[in-house]
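Please look over the sequence and the model below before reading on. The report that follows takes up the sheet, the helix pairs and the nonpolar cores in turn.

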Amino acid sequence: METKKVHKKLNELAATAICGNDISSSVLYVSALAIAFAGQYAWITLLIVSVVLFLFRKIYGEVVGALPLNGGAYNALLNTTSKKMASFAATLTILSYMATAVISGNEAIHYLHHLIPSMPIIISTIGLLLFFAILTIGGITESAKVAIGIFLFHLTSLVILSAFIIYFLVQNGSGLFLQNWYSPIAGGSISNAIFLGFAASMLGVSGFESSANFVEEQEKGVFPKTLKNMWVIVSVINPLMAIFALALFTIPVLQSDGFQNTLLIEMGHYVGGKWIATLIAVDAFLVLSGAVLTSFVGVSGLLERMTLDRVMPQFFLKKNKGGSSYRIIIMFFLLSVSVLLITNGEVKLLAGVYTISFLSVMALFGIGNILLKVKRKSLPRPETASWFSILIAIGAVLVALAGNILAEPKDDSPSNLIVFLDYFIPSVIFIIIMLNRTLLLSFLLNAIHTIFDPVRKMVFKMDKNILATINLINSQEFVFFTKGDRIATLNKVMLYIIKNEHTKKIKIVLALDKGQVIPENLPQEVDFLGREYPEIAIEFLIVDGKFSPKLIKELSEKWKIPINFMFIGSPTDKFPYKIEELGGVRLII
């Protein structure tokens, strides 16, 4: 008996690595981004983000603890509102994953491009996306092994970088940090600087929601540990790197375009030389690649749950031997590649999609927690978030969302909101179609019936009339009078009917006058013809009376069929009747 293969679930390290690569990769850009808006207060805004994330730990812990299913915000709203509202949240999550995969993959190749200048950007990005699609199709446990390797290498690289920076500051002092602290305030006021910096800094927690999207793949009790581990990483690394940056370079230098894109590499080169810069570049490539993996794993869990709920076609539920829904992964890969090609590699245009989608999902998850408290009080849950913390967390996310929507676009770039709507509206239309596909198909069916039913009725009527005509023609009987002809003569009659007549019936009639007898072999010959020509119904009749026009007329009236005469050969002078007296003649020569 064949036993079903049991797929191994993820332990704490594996689950943390998968989602941790996404959230920890934010250190490559979020410190520089926060400094660009908040200047010397960037590390404070990053600490505020840490506090907000601490509140969300309880929120995610309560919702997923009560509803331990894949889907994240979709799952939370599905069990507290409606499938339409849940699908709205799912659309935002999918857009967030799509933007994360494309942006992270493209940025990873850009970092590698610094080391290998001849590398083509777009083709290499497609190759990277394909690699992680194939890896995810191979199964989540195989993906986890790669994610763990990337995660540990990333943390080790940051520890090495931090050690070099601390050694440098011990040797050279931290006077520049104090100088930056007392420099003019970015944004005109402390409150405005912190507001804008906080809005930008909230991007540093992207990936925190990913663990909830594949919770069913994790061992029991692992999920809350992943939240704690991600919170610790974000709370330590991001503010620390902002402080290090402010202690190494002046604010104008940090706010320049060159440092915005490669801050950690510049820091590594400044304190440790080329080899540290190379280490950070390799680390950036790997950890951003890990964020691509996070997107594939997260979206796979989410779309599988949506398919089980019949939001998506059941076609996507097909699994391979590794237990992965490979059709979902292939679809997401093709979507990501199409977006990469549409933007022609200028993936920074997707920043608005990435920002607004992610923050909206966070807010919706908090709302889902409120609805869970109100509507599903009886559900047991391992931990509970207080009303105060939920409201503060949702409020903080909404502030960050408003800040990113109101942020002025650089140069002639479209605003975050415009770019977001360009992708969100078609996605929502698709989801609406999927949710209402039975209604739309019914409407289409009714429209088809309205247009084609009259035509169909006309065709059916014509079909019926034509068939009736054919049946009428085929039902007309052919009457052959015999006087005991040999079978060869009868066979000629049958061949004539097959080649020239539409009828499928024949009456072979023998008229016997007084004193006449049935030819000895005639019944057997007729029976033989019936077996030889099964497509023609043969009826053998013996009638009393002398063969004459009078008998013909009587039989024609009795059978209600016209009787024409067939001569095998031509009528001769010995024939006792005139042709016109018989009502017509058919000649077989």
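What follows describes the parts of this model and how they are arranged.

The model is predicted, so local features need pLDDT of at least 70 and side-chain atom pairs count only at pLDDT 80 or more, whereas totals for chains, interfaces and linings use all residues. Residues are numbered from 1 along each chain as its sequence is written, and side-chain values use heavy atoms, with hydrogens and water left out.

**The sheet and its helices**

Helices (H or I, at least four residues) and strands (E, at least two) are DSSP runs, numbered from the N terminus. Two strands are said to pair if DSSP finds at least two bridges between them. An open sheet is formed by 3 strands in the order E1-E2-E3, with parallel pairing. At its edges are strand E1 (477-482) and strand E3 (537-544), each of which pairs on one side only. Neighbouring strands of this sheet are turned by 25 degrees against each other on average, direction ignored.

Strand E2 (residues 505-512) runs parallel to E1 and is joined to it by 6 bridges; Phe478 has Ile506 of E2 as its bridge partner, and Phe481 stands opposite Val509 in E2. With E3, E2 pairs in the parallel sense over 8 bridges, and the bridge partner of Ile508 in E3 is Phe540. Taking buried as under 20% relative accessible area, exposed as over 50% and partly exposed as in between (1.4 Å probe, protein chains only), E2 is mostly covered, with 7 of its 8 residues buried. E1 is mostly covered as well, with 5 of its 6 residues buried.

For directions, axes are lines fitted to C-alpha atoms, for helices over the stretch in contact, and angles run from 0 to 180 degrees between N-to-C directions. Contact means heavy atoms within 4.5 Å. Helix H20 (residues 487-500) lies across E1, E2 and E3 and runs at about 160 degrees to E1. Helix H21 (residues 522-532) also packs on the sheet, where it touches E1, E2 and E3, and its direction makes about 160 degrees with that of E3.

**Packed helix pairs**

Two packed helices are described by the angle between their axes and the distance between the axes. Angles under 35 degrees count as roughly parallel, over 145 as roughly antiparallel, 65 to 115 as roughly perpendicular and the rest as oblique.

| Helix pair | Angle | Axis distance |
|---|---|---|
| H1 (residues 12-24) and H7 (residues 140-172) | about 55 degrees | 8 Å |
| H16 (residues 351-375) and H17 (residues 387-406) | roughly 160 degrees | within 9 Å |
| H11 (residues 222-248) and H13 (residues 257-272) | about 55 degrees | 11 Å |

H1 and H7 are therefore oblique to each other, and the residues in contact include Leu13, Ala17 and Ile18 of H1 and Ala144, Ile148 and Phe151 of H7. The angle between H16 and H17 makes H16 roughly antiparallel to H17; their contact involves, among others, Ile356, Leu359 and Ile370 of H16 and Trp387, Ile394 and Leu401 of H17. H11 is oblique to H13, and the contact is made by Met241, Phe244, Ala245 and Leu248 of H11 and Leu263, Met267, Tyr270 and Val271 of H13.

**Nonpolar cores**

A nonpolar core is a set of buried Ala, Val, Leu, Ile, Met, Phe, Trp, Tyr and Cys residues joined through side-chain atoms within 4.5 Å. The largest nonpolar core holds 152 residues, of which Phe56, Tyr60, Met202, Leu264, Met267, Phe296 and Met306 touch the most other members. Leaving aside its neighbours within four places in sequence, Leu264 is in contact with Val27, Leu28, Leu158, Leu161 and Ile280.

**A loop residue**

Asn436 lies in the loop between helix H18 (416-435) and helix H19 (437-475), and at 22% relative accessibility Asn436 counts as partly exposed. The C-alpha atoms of Asn436 and Val311 are separated by 9.2 Å, although the two residues are 125 residues apart along the chain.
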